Amino acid sequence: MDRDSRQAMVERRTRETAITVKISLDGTGTAEVDTGLAFFDHMLTLWAVHGLFDVSIRAQGDLHVDGHHTVEDVGICLGQALSKALGDRKGLRRYGTSFVPMDEALAQVSLDLSNRPYLVCRLPAMAERVGAFETELVPEFFRALCQHGGITLHIAVPYGDNTHHMLEAVFKAFGRALDEATTLDPRCTTVPSSKGVL
């Protein structure tokens, strides 16, 4: 696969949000993120930096209501952009796993670029908010991303005390696991499946 082709842009306009996402899978971790939700911007930036993805994410949403539509729609657009950038998915390592500690917290992320969307998200009790960000939106973001990106994703935080630390570890681990899964394996020239299709 031509590495120059592993990039995509997606735009989405609804009565609730206006979002533009650009991604390059073979980047250096350059992130330009502005969703109007500062903590969410921080998490998406960490994901890009630790996954070595170049991304531009711009979102305007009905934040006077709450952050739900913005977070979910960013997940939709990011999933669609990722799927477009992956193309026919030939030559991928396909699977990725990462364990990331953040002080007292540990996050475990395993994923499969299977084209079979599924999310398992096991998070301990957390504070309701970090800054103005509602922490219950984290699974909503990942669910939308999986549905539109064709990802089977398992997230677990077996322990942790600080909500910021736990979520930061999750997004970093997701970046590293996705980087592993999207890497091209020089030994594999076909779709990495015994079925011949993903």
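Modeller: A residue counts as buried under 20% relative accessible area, as exposed over 50% and as partly exposed in between (1.4 Å probe, protein chains only). By this test Phe141 is buried, and Phe142 is buried as well. The model is predicted, so local features need pLDDT of at least 70 and side-chain atom pairs pLDDT 80 or more, while totals for chains, interfaces and linings use all residues. Residues are numbered from 1 along each chain as its sequence is written, and side-chain values use heavy atoms, without hydrogens or water.

Colleague: How is a pair of aromatic rings described, and which type of pair do Phe141 and Phe142 form?

Modeller: The distance of the centres and the angle of the planes describe such a pair. Rings of Phe, Tyr and Trp (its six-membered ring) pair with centres within 6.5 Å; planes under 30 degrees apart are stacked, over 60 edge-to-face, the rest tilted. Phe141 and Phe142 are edge-to-face, with 5.0 Å from centre to centre and 65° between the planes. The whole structure contains nine aromatic pairs. Phe141 and Phe142 also belong to one aromatic cluster, whose other members are Phe39, Phe40, Trp47, Phe53, Phe133, Phe171 and Phe174.

Colleague: Which residues touch the most other members of the largest nonpolar core?

Modeller: Nonpolar side chains tend to be buried together in soluble globular proteins. A nonpolar core joins buried Ala, Val, Leu, Ile, Met, Phe, Trp, Tyr and Cys residues through side-chain atoms within 4.5 Å. Here the largest core has 60 residues, of which Trp47, Leu111, Phe141, Phe142 and Leu153 touch the most other members. Helix H4 (residues 163-182) gives the largest share of this core, ten residues; helices (H or I, at least four residues) and strands (E, at least two) are DSSP runs numbered from the N terminus.

Colleague: What does Leu111 contact beyond four places in sequence?

Modeller: Contact means heavy atoms within 4.5 Å. Leu111 is in contact with Arg94, Tyr95, Gly96, Ile151, Thr152, Leu153, Phe174, Ala177, Leu178 and Ala181, its neighbours within four places being left aside.

Colleague: Is Asp73 buried or exposed?

Modeller: Asp73 is buried, because its relative accessible area is 3%. Asp73 lies in helix H2 (residues 68-86) and touches Arg12, Thr14, Thr17 and Ile19, with residues up to four places away not counted.

Colleague: Why does Gly131 count as exposed?

Modeller: Gly131 counts as exposed because its relative accessible area is 68%. Gly131 lies in the loop between E8 and E9. From C-alpha to C-alpha, Gly131 is 31 Å from Ser83 in space, and the two are 48 residues apart in sequence.
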